[in-house]
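Please look through the sequence and the model first, and then follow the topics below in order.

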Amino acid sequence: MSVSALVTVAACICLSLAAPTGQDCTGTISSMDDVDDAVKCTTVNINSFTVPAGETFNLDLADSTTVNMQGDVTFGNKTWDGPLFQISGKSVTFNGNSHTFDGNGPFYWDGQGGNGGVTKPAPMMKIKISGTFTNVKVLNSPARVYSVSNPAALVMSKLTVDDSLGDQPNSKSDGKAAGHNTDGFDVSTTDLIIEDSTVMNQDDCLAINKGSNIVFQRNTCSGGHGISIGSISSDAMVSGITIQGNTITNNDQALRIKTKASATDALVTNVTYSGNTGTGLRQFGVLVDQSYPDTLGTPGTGVIVSDINVVGSETSLSVNSDAMRVAVNCGAGSCTGTWDWSALNVTGGSAGPITNFNGIKNFSQ
Ligand SMILES: *[C@@H]1O[C@H](CO)[C@@H](O)[C@H](O)[C@H]1NC(C)=O
Ligand SMILES: *[C@@H]1O[C@H](CO)[C@@H](O)[C@H](O)[C@H]1NC(C)=O
Ligand SMILES: *[C@@H]1O[C@H](CO)[C@@H](O)[C@H](O)[C@H]1NC(C)=O
């Protein structure tokens, strides 16, 4: 190949790998027909409209695009896999301006979530951007809400998930809460901050399945299963996690690490909790359990859990009278090192079991 041919090939490869460059224009979306043209621009405004049932509102954005919601978006009703909304792009600024994505949850809710009943679009909101995503309200998700897999650093802030209506039974839920598996944030990623947000739901407020350098701070979690690391599967690694300044009310537990009994070659390390407050906790204050999907069942030994600390400002948890304050259920040898729990203060209920581990320092219950 001649030198000029090589240069041409190199230039083509380079061009095709180059970041998509948006046009300096404003695209406005008032229906799905507007999306393809609007995403060519680096400013995209979203007006109020309804996304037809069975379609994903997909924003595949040019680098450095700013998106402004100027109205509420509602999704049509259909039993299908979803997602309902998906956004991708780098260095994106997404301003929700307090507007709402309405998932019409009551159409789907049957008390079974992803475990049965009708197929529910999940996740509702698939976030694949770097940059910022702020001031968005999600109302009545069919099941899981946010799934986050950011390509570079992302800050998600001032978000509201309001699935509180799902606390009530309906005609299909056999007396149980109609909303189920309505996880607030499902996270398998790195370099993510979630802050100043509120989640009212019936499952985990946050669930970190794998990843590193994740901060979850100053959020309020109401009605669900608390702030979770896990459930951890084989080969997953979680490290460098900061959970601070959160308020957890009327949840099954405040802080939980759950690893699958069957998991192998996985690791959870360097998790720091500080300044969290929990009240009305129904089952546990803190639960570290290696027997998932059981609770306090026979633990597995394939996930190493180390360096789990409750330090800094006091983490103050108040559990209900029939709940356990702290339960730690490790496999033999799979919880390791010294854990400093000097800033943990749990009141109410009764002491839970601490199994197969004596490395917790500066804490007794
Ligand atoms: C979708 O379902 C919800 C809840 O059941 C209902 O209120 C709404 O009217 C339905 N929307 C349409 C377009 O049928
Ligand atoms: C633990 O995580 C914190 C926060 O991400 C990080 O700053 C620190 O370097 C990590 N420590 C170790 C020993 O990896
Ligand atoms: C623990 O919390 C309770 C209830 O908030 C409080 O009364 C108590 O002083 C705290 N104990 C310590 C050692 O901080």
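A disulfide here is a pair of cysteine sulfur atoms within 2.5 Å. The model is a predicted one, and it holds three disulfides. When the bonded cysteines are counted along the chain, the disulfides follow the pattern 1-2, 3-4, 5-6.

**The disulfide of Cys330 and Cys335**
- Cys330 and Cys335 are joined by a disulfide with an S to S distance of 2.0 Å, and because the torsion about their S-S bond is about -90°, this disulfide is left-handed.
- Cys330 is buried, with a relative accessible area of 0%, and Cys335, at 6% relative accessibility, also counts as buried.

**The disulfide of Cys25 and Cys41**
- The sulfur atoms of Cys25 and Cys41 are 2.0 Å apart in their disulfide, and the link is left-handed, with -95° about the S-S bond.
- Since Cys25 lies in strand 1 (residues 23-29) and Cys41 in strand 2 (residues 41-46), the pair ties together parts that are 16 residues apart in sequence.
- Cys25 is partly exposed at a relative accessible area of 26%, whereas Cys41 counts as buried at 7% relative accessibility.

**The disulfide of Cys205 and Cys221**
- Cys205 is joined to Cys221 by a disulfide with an S to S distance of 2.2 Å, and this link is left-handed, with -70° about the S-S bond.
- Cys205 lies in the loop between strand 15 (198-200) and strand 16, while Cys221 lies in strand 17 (residues 220-222), so the pair ties together parts that are 16 residues apart in sequence.
- Cys205 counts as buried at 0% relative accessibility, and Cys221 counts as buried at 1%.

**Strand 14 and its parallel partners**
- Strand 14 (residues 185-195) pairs in the parallel sense with strand 11 (residues 146-148) over three bridges, and in this pairing Ser147 stands opposite Asp186.
- Strand 12 (residues 154-157) also runs parallel to strand 14 and is joined to it by four bridges, with Leu154 standing opposite Leu192 of strand 14.
- Strand 16 (residues 206-217) is joined to strand 14 by 10 bridges, again in parallel, and Thr190 stands opposite Ser212 in strand 16.

**Ligand 2**
- The residues around ligand 2 are Asn213, Gly240 and Asn270, and the protein covers 31% of the 360 Å² of accessible area that ligand 2 has on its own.
- An oxygen atom of ligand 2 is 2.3 Å from an N or O atom in the side chain of Asn270.

Key:
Residues numbered from 1 in each chain as written. Chains lettered and ligands numbered in written order. Predicted model: local features only at pLDDT ≥ 70, side-chain atom pairs only at ≥ 80, totals over all residues. Heavy atoms only, no water. Near = heavy atom within 4 Å. Polar contact = N/O pair within 3.5 Å; in protein donor to acceptor, adjacent residues only side chain to side chain. Areas by Shrake-Rupley, 256 points an atom, 1.4 Å probe, with all protein chains shown as cover. Pairing = 2+ DSSP bridges. Helix = DSSP H or I, 4+ residues; strand = E, 2+ residues; numbered from the N terminus. Buried < 20%, exposed > 50% of the residue type's maximum accessible area, 1.4 Å probe, protein only.
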